[in-house]
Amino acid sequence: MWEYTDKVKEHFLNPRNVGEVEDANAIAEVGSMACGDALKLTLKVDENGKITDAKFQTFGCASAIASASALTEMLKGKTMDEAEKITNQDIADYLGGLPKEKMHCSVLGRQALEEAIANYKGEPKKEQEGNIICECFGVTDLEIERAVRENSLATVEDVTNYTKAGGGCESCHQTIQEIINRVRAEGKPVTPPPLSNIQKIKMIEETIEREIRPSLRHDGGDIELIDVIGNRVLLATRGSCAICKASQQTLKNFVETKLRELVWPELVVEEVVQ
Amino acid sequence: MKTIYLDNNATTRVAPEVIEASLPYFHDLYGNPSSAHFFGGQVSRKMKVAREQIAALLGATPEEIIFTSCGTESDNTAIMSALVTEGGKRHIVTSRVEHPAIKSLCEHLSNQGYFVTEIPVDGEGNLDMERYEQSLAPDTAIVSLMWANNETGVLFPLEKAAEMAKERGILFHTDAVQAVGKIPIDMKKNTVDMLSLSGHKLHAPKGVGVLYVRKGTKFSPFLIGGHQEKGRRGGTENTAGIIALGKASELALLNMELENTRVKQLRDKLENEICSRIPKSRINGNRLNRLPNTTNISFEFVEGEAILLMMDEFGICASSGSACTSGSLQPSHVLRAMGVPFTMAHGSIRFSLSIYNTEKEIDFVIEKLPSIIEKLRNMCPYWKPEEQVCVGH
């Protein structure tokens, strides 16, 4: 059974604003019964652009009903400009959070809101934009990109939880991963900013002290930093490391990996006898 | 709030007599049955009795009973054994509606280079016997078909299917976890080679199962270790669990008639009343060829998890084949294999009864459920109350 917050349960058992606003001037219908959840949102917006009434109808599980109920409560009294800023995370937050597998319920709410706003503005119902990536649930690359960007998603599982994409036959998992990689690489510099020699040596010393030495000392060994020439880090082994046959491997697999990860990706560790 | 437990295909209450029989094997008689001393030996003797009780339930001999930890272990053992003993044969025949204990294992094996044929079922969950016959090949190492489906209760023509495998010299295993204790099973009257059962589905505790292996069947152990179970399953025995399962088997034999009369009547009342009171509801599965305790009903225009949670408010426990409860985003593979439309599969509820259910409980569910469905349907954007037709057949 899902771990729902008391607020989700309360909104599910006593949903607010069920039904259809009679003279609605902002209407949206998203999702489908075949996909497991569908939401119809109707709003009454006054001449000042303020939402005076909001109602919903939902086919779906407890969290879909609670998310729709929460959305209508959040919308009442807001202007359309304010409403436009509501994100799926806001809906989840209003409910004290949703299980991560159920985040797609909050995304459905946000989609309905966007469609209602477009409907109010008299924009024609949007044709499907982008290319369908997940055939099972009809999710496009643009929707996936957006969910990844707005919610800082990192894995295919995250994307499935938020958009349902990849939750069926799983044949699109590779493509979803590529989208995640692409979005997450956005805005990141290709290489980190260069370090001055002084900075580099200081960081290497700190990393050895903090991340490397404690593990080596645990086995009675140690290393000493002799010099740094460009990207070459010259180290001498001490204690049990000095007589250990595996010390070369330790230097390459452990010390070098750590230094590359935490200081500079091109560092090369070399052992010197001193 | 009183719990009304109608989820007995998930697990069952441990019978009070079973608890009583097994308790001494926790506190006083905790010896290891493999020990040489009398203290352990007396546990071994009691285990022998349990083995006989289980054999009696199945119409088997005690030597054909191997104790395991659960139904899944029994299923895995049967398949993996066949792949070893059948000299390099690489084909497995199973059905589309198996429990994950077989289904996921077969998917795993097909990724390892084995060939798996999943026999389809029709709209009522009946096995396609023609396709089954065609699938049996010289390279087939084993057939594994469930006796009774856990979601719909539909029974496969097991004896016939086993015979067809036998004629071709192919090993035949059945996952009978849901069938044992609910319908009479007599291994003397069929040609099934291996059969899995699980204790907690028949009022014994969780953590004990059985793999029946017919005398003379080639067998290769799955858990390799000590000499327990004559070297067929290593690992110290779950003595209290085994003794509990023995007692539960004895009770199951006694209660078999009750299961097929009173429990069946309560199930029939439940589904008939629900179907007549709630429009746009339908029974999933072959109504004439089913376990006596199970009914699977779909309610169009509502989603199963929402129904379950609203029933939970009244203490009513059941399950659903909806996507939201299946742990994935797609509804139950069983209902999909039967071609139940997604809109119906999302709104499916399984009620599974036991001898402990009373008519009062069933009446309570019949009273509460219609208003739950109505409340949810009134929230649904597609529900048109004027189009009310009962499609239960």
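Me: What order do the strands of the open sheet in chain A have?
Reply: The order is E6-E7-E8 in chain A, an open sheet of three strands with mixed pairing. Helices (H or I, at least four residues) and strands (E, at least two) are DSSP runs, numbered from the N terminus, and two strands pair if DSSP finds at least two bridges between them. This is a predicted model, where local features need pLDDT of at least 70, side-chain atom pairs count only at pLDDT 80 or more, and totals for chains, interfaces and linings use all residues. Residues are numbered from 1 along each chain as its sequence is written, with chains lettered from A and ligands numbered from 1 in the order in which they are written.

Me: Which strands stand at the edges?
Reply: Strand E6 (221-229) and strand E8 (268-271) of chain A do; each has a single partner strand, so one side of each is left without a neighbour in the sheet.

Me: And how do E7(A) and E8(A) pair?
Reply: Strand E7 (residues 232-239) of chain A pairs with E8(A) in the parallel sense, over four bridges. In that pair, A:Val233 is opposite A:Val269 of E8(A).

Me: Which strands does helix H11 of chain A touch?
Reply: Helix H11 (residues 247-262) of chain A packs on the sheet and touches E6, E7 and E8 of chain A. Contact here puts the C-beta atoms of two residues, placed from the backbone, within 7 Å. The direction of H11 makes about 150° with that of E8(A); axes are lines fitted to C-alpha atoms, for helices over the stretch in contact, and angles run from 0 to 180 degrees between N-to-C directions.

Me: Switching to chain B: at what angle do H9 and H13 pack?
Reply: Helix H9 (residues 304-312) and helix H13 (residues 359-377) of chain B pack at about 135°, their axes 10 Å apart. That makes H9(B) oblique to H13(B) (under 35 degrees is roughly parallel, over 145 roughly antiparallel, 65 to 115 roughly perpendicular, the rest oblique).

Me: Which residues meet there?
Reply: From H9(B), B:Ala306, B:Ile307, B:Met310 and B:Met311 meet B:Ile372, B:Ile373 and B:Leu376 of H13(B). The contact divides into seven nonpolar, no polar and no charged residues (Ala, Val, Leu, Ile, Met, Phe, Trp, Tyr, Cys and Pro count as nonpolar, Asp, Glu, Lys and Arg as charged, and the others, Gly among them, as polar).

Me: What domains does chain B have?
Reply: The assignment gives domain 1 (4-10 + 256-377) and domain 2 (16-252), with bounds from an automatic or database domain assignment. Their C-alpha centres lie 28 Å apart.
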